[in-house]
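Have the chain open beside you as you go.

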Amino acid sequence: MNELNRRTCEEAFRRLDHFLDRRLGPEETRLVEDHLRVCEACTREFAFEASVLIGVKQKLRQLAAPAELVSRILSQLPPTPEPKKP
Ligand SMILES: [Zn+2]
């Protein structure tokens, strides 16, 4: 991992919370999404954070995130049983 990459990782992490809350502007959102597409480490970390913050996969699907990105994040999550619907 080169230095530029590491700095981009830091930038992405700084925006993690806001990104998950969809509070970033379009430009910053794109920056994070672009980084997640090329950085597997951050995708895993984002997935972990997302699972902690949001709790269950079900909730993640409700986010207004691009479907492609959500499924990419979901694919990084450890397999867990789907919560049963009442
Ligand atoms: Zn990264």
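**Exercise 1. Describe the secondary structure of the chain.**

Solution. Start with the count: the chain has 6 helices and 0 strands. Next, read the elements from the N terminus, which gives the order α-α-α-α-α-α.

**Exercise 2. Find out which element has the lowest mean pLDDT and which the highest.**

Solution. Begin with the chain as a whole: its mean pLDDT is 78, and 74% of its residues reach 70 or more. Then go through the elements: helix α5, residues 57-62, comes out lowest with a mean of 58, while α3 comes out highest with 91. Keep a caution in mind here: where pLDDT is low, predicted coordinates should not be read in detail.

**Exercise 3. List the residues of the largest nonpolar core and say which element gives the most to it.**

Solution. First, collect the members: Ala-12, Phe-19, Leu-20, Val-32, Leu-36, Cys-42, Phe-46, Ala-50 and Ile-73 make up this core of 9 residues. Second, assign them to elements: α2 (16-20), α3 (26-38) and α4 (40-54) are those that give two or more residues. Third, pick the main contributor, which is α4 with 3 residues. For the chain as a whole, 12% of the 86 residues count as buried.

**Exercise 4. Which residues does Cys-42 touch, leaving out those up to four places away in sequence?**

Solution. Take the core member Cys-42 and look for its partners: they are Cys-9, Ala-12, His-35 and Leu-36.

Definitions and conventions
Residues are numbered from 1 along each chain as its sequence is written. This is a predicted model: local features need pLDDT of at least 70, side-chain atom pairs count only at pLDDT 80 or more; totals for chains, interfaces and linings use all residues. A nonpolar core is a set of buried Ala, Val, Leu, Ile, Met, Phe, Trp, Tyr and Cys residues joined through C-beta atoms within 7 Å. A residue is buried if 20 or more other C-beta atoms lie within 10 Å of its own, exposed if 12 or fewer, and partly exposed in between; C-beta atoms are placed from the backbone. Helices (H or I, at least four residues) and strands (E, at least two) are DSSP runs, numbered from the N terminus. Two residues are in contact if their C-beta atoms, placed from the backbone, lie within 7 Å. pLDDT is the predictor's confidence in each residue, from 0 to 100.
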